[in-house]
Amino acid sequence: MMMVVKNYTFQGVEYMVCSRQAAYVPGPAAMELLADRRHGVGADRILLVDVEEPQSMQVFTANGSACAATAEDWRVFACFLRQAGMTATAAVFARALGDRALVDLPVMMKEMSYFEAHVTTAFCRRLAALDKETEILAC
């Protein structure tokens with residue numbers, strides 16, 4: 001149940017991209033732990049993406065709270081798709097960012113740093129247990 005996350009830093013903000021197609025999809029409590037710079041991977045924003053048609057994403061803050069996507073979130077999503085060798089659905093990005101979004105992407109990618117983290121099975125189990133515990137406490 002290992003999970004791969006991709007972290008991008010753009011304009012001083014760290015973005016973690018997690019795919020919904022992964023074996024494990026983190027819930028809000030797990031996202032908070034993943035975003036923690038001391039005990040997790042570290043991030044300011046978490047993008048939970050669906051790369052299958054139609055392409056979509058949900059955005060969360062470092063504490064696991066859902067929030068509205070910003071233009072930068074969409075740009076990071078477009079970079080993620082490009083690095084994964086997937087074509088971005090131009091209509092999705094044009095609607096969110098305007099017509100020049102995909103044209104400006106190569107310039108933006110030069111200003112962005114990136115790394116890939118492989119989250120171990122043991123840590124994924126810890127994340128899943130944390131989600132389950134939080135769900136039980138919420139009832």
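Strand β2, helix α1 (residues 28-35) and strand β3 form a β-α-β unit of right-handed sense. The model is predicted, with a mean pLDDT of 83 for the protein and 83% of the residues at 70 or more. Confidence is highest in strand β5 (residues 66-67), at 94, and lowest in helix α3 (residues 90-97), at a mean of 58. Where pLDDT is low, the predicted coordinates should not be read in detail.

**Strand pairing around β3**

Strand β2 (residues 13-19) pairs with β3 in the parallel sense, over five bridges. Between β3 and strand β4 (residues 56-61) there are six bridges, and these two strands run antiparallel. Arg45 of β3 has Tyr15 opposite it, and Arg45 also stands opposite Thr61 in β4. Strand β3 itself (residues 45-50) is mostly covered, with five of its six residues buried.

Ile46 has contacts with Met16, Cys18, Met31 and Ala35, and also with Gln58, Val59, Phe60 and Thr61, when neighbours within four places in sequence are left aside.

**Helix α1**

How much of α1 is buried? Six of the eight residues of α1 are buried, so this helix is largely enclosed by the rest of the structure. The buried residues are Ala29, Ala30, Met31, Leu33, Leu34 and Ala35.

Ala30 lies in α1 and has a relative accessible area of 0%, under the 20% limit, and therefore counts as buried. Beyond its neighbours within four places in sequence, Ala30 is in contact with Tyr24, Leu127, Leu130 and Asp131. The C-alpha atoms of Ala30 and Ala128 are 6.9 Å apart, although 98 residues separate the two along the chain.

In soluble globular proteins, nonpolar side chains tend to be buried together. The largest nonpolar core here has 19 residues, and those touching the most other members are Met3, Val5, Met16, Leu34, Ile46, Val119 and Leu127. Two or more residues of this core come from each of β1, β2, α1, β3, β6 (113-119) and α5 (121-138). Helix α1 gives the largest share, five residues. Another core lies apart from this one; it has 17 residues, including Val17, Val59, Val76 and Leu81.

**Asn7 and Gln11**

Asn7 belongs to strand β1 (residues 3-10), whereas Gln11 sits in the loop between β1 and β2. Is Asn7 buried or exposed? Asn7 is buried, because its relative accessibility of 3% falls under 20%. The Asn7 side chain reaches the backbone oxygen of Gly42 at 2.7 Å. Not counting residues up to four places away in sequence, Asn7 touches Tyr15, Met16, Val41, Gly42, Ala43, Ser113, Tyr114 and Phe115.

Gln11 is exposed, because its relative accessible area of 57% is over 50%. Gln11 also has a positive phi of about 50°, although this residue is not a glycine.

| Residue | Relative accessible area | State |
|---|---|---|
| Asn7 | 3% | buried |
| Ala30 | 0% | buried |
| Gln11 | 57% | exposed |

Notes
Residues numbered from 1 in each chain as written. Predicted model: local features only at pLDDT ≥ 70, side-chain atom pairs only at ≥ 80, totals over all residues. Heavy atoms only, no water. Buried < 20%, exposed > 50% of the residue type's maximum accessible area, 1.4 Å probe, protein only. Helix = DSSP H or I, 4+ residues; strand = E, 2+ residues; numbered from the N terminus. Pairing = 2+ DSSP bridges. Right-handed = clockwise from strand over helix to strand, strands pointing away. Polar contact = N/O pair within 3.5 Å; in protein donor to acceptor, adjacent residues only side chain to side chain. Contact = heavy atoms within 4.5 Å. pLDDT = per-residue confidence, 0-100. Core = buried A, V, L, I, M, F, W, Y, C linked by side-chain atoms within 4.5 Å.
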